[in-house]
Amino acid sequence: MRIIPNQGRPAPGLVPYWVWQRRRPKMLVTDLLRKVVVFVGRKEPQGAPADAQTFAADGTGFIFLMMAHNFAFPYVVTAKHVIDQAAGEDKKNDIFLRINTQAGGVDYVKTKFGAWITHPDHRETGRKQKYIDVAALSLVDYHGWARTDIFDKYDFTHLDEEDICTEEIIKKYVIGLGDEVVIPGLFHSHVGEVQNVPIVRIGNIAAMRGEPVPTDRGPMDAYLVEMRSVGGISGSPVLTHMAMRPKILLPESDRSTKIEQSTKDHYLLGLMHGHYTITTQDEWVFKTEQKVGDINAGIAVVVPAEKIMETILRSRQFIEGCEMARKYDEYRKSQAKTVEDSAPSAKSEAADDANPNHLKDFTRLVDVAVRKRPPDDQT
């Protein structure tokens, strides 16, 4: 899958980090926050002509940006079980991203199951079974060529590394039980005919990370959030709402704590796995005749944001891209120094003419970076 195809131009499959950051204004809950998300799903019926198929949404994804050597590495992140559902039992279905466009419609980006990366410690079977519900898809073809008209075509914003709710952030701003979170994502009953229509859910942190949380896929490292989560919200970003926090904790107590106020509106706590279900009537506080197996307990399971970082940082795909960025950054700096040393008073534009063979030199560097390209990461 290539969102950024080979244009045959003299630039690597890398986009400068400042290009992405320049177009990201401050996010408010009511508007820009919804532009972080895309919808993930499949086309049905399978095998039918394209004009006879309709989009069936399976969950939510969001744009997450990594940075290395001054270049941007954008990803779509969602829950692993969302792409499993979209790909079908044989994992052969195409997985589609439904993205809003600047023109006021939507665009469908087709991806393959094998293009998505998962956490390196994720195991669904065997003695070392460990379910880590994260999947990520690179929006840059590191082996192709860069193109920035994605900004002109799609209507989106993004989250990045600075938005991660780390342990340091949690301690600094005393984030914990009862704090409000916001979750933009898909609502199956109102997907949107012309454009994606993400809704915003509100919840509160019910439990911080600690003992593994029991789920139908085994124990998971997770936060618990008080909210009503239904199908479609899986894969959504879960963000702390820093504007709704008190300035002093226990103000009239001798153990009162002054809470530092963040300049950010949101931090990424994690991604939505799904709601916690009550599986037997004996687990229900009040006897009920409701059919068991699908009773929403009002508690949602949230995969920590650090699992997203680990999924991307430890992938061969990202490591390879970083190496390419490093080599190009070194080359660019060396060329700038050469021009500065030889002609201190020359205009900056002279760098382009300093080495008539610089395109060949750059191509050689890129070839070195990708010559021993490993096979694509498989999920």
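This is a predicted model: local features need pLDDT of at least 70, side-chain atom pairs count only at pLDDT 80 or more; totals for chains, interfaces and linings use all residues.
Colleague: Hi! What is the mean pLDDT of the protein?

Modeller: The mean is 79, and 75% of the residues reach 70 or more.

Colleague: Where does pLDDT stay under 50?

Modeller: Residues 283–288 are one such stretch, and the model gives them 6 contacts beyond four places in sequence. Residues 368–379 also have pLDDT below 50, with 26 contacts in the model beyond near neighbours in sequence.

Colleague: Let's switch to Leu186. Is Leu186 buried or exposed?

Modeller: Leu186 is buried, because its relative accessibility is 0% and the cut-off for buried is under 20%.

Colleague: Where is Leu186 placed?

Modeller: You'll find Leu186 in the loop between strand S10 (180–185) and strand S11 (199–207).

Colleague: What is Leu186 in contact with, leaving aside neighbours within four places in sequence?

Modeller: Its partners are Phe39, Ala57, Gly59, Thr60, Val191, Gly232, Ile233 and Ser236. As for Val40, it sits 146 residues away from Leu186 along the chain, and their C-alpha atoms are separated by 9.2 Å.

Colleague: Now the backbone. Which peptide bond is cis?

Modeller: The bond from Glu44 to Pro45 is cis, with omega near -5°. Pro45 belongs to the loop between strand S2 (37–44) and strand S3 (54–68). Most peptide bonds are trans, and most residues other than glycine have a negative phi.

Colleague: Speaking of phi, what is the value for His69?

Modeller: His69 has a positive phi of about 55°, though it is not a glycine. Asn70 also isn't a glycine, and its phi is positive at about 70°. His69 lies in the loop between S3 and strand S4 (71–78), and Asn70 is placed in the loop between S3 and S4.

Colleague: How accessible are they, starting with His69?

Modeller: His69 is partly exposed at 33% relative accessible area. Asn70 is partly exposed too, with 44% relative accessibility.

Colleague: Last topic, cysteines. How many disulfides does the count come to?

Modeller: The count is 0 disulfides. Cys165 counts as buried at 6% relative accessibility, and Cys322 is buried at 15%.

Definitions and conventions
Residues are numbered from 1 along each chain as its sequence is written. Side-chain values use heavy atoms; hydrogens and water are left out. A disulfide is a pair of cysteine sulfur atoms within 2.5 Å. Buried means under 20% relative accessible area, exposed over 50%, partly exposed in between (1.4 Å probe, protein chains only). pLDDT is the predictor's confidence in each residue, from 0 to 100. Contact means heavy atoms within 4.5 Å. Helices (H or I, at least four residues) and strands (E, at least two) are DSSP runs, numbered from the N terminus.
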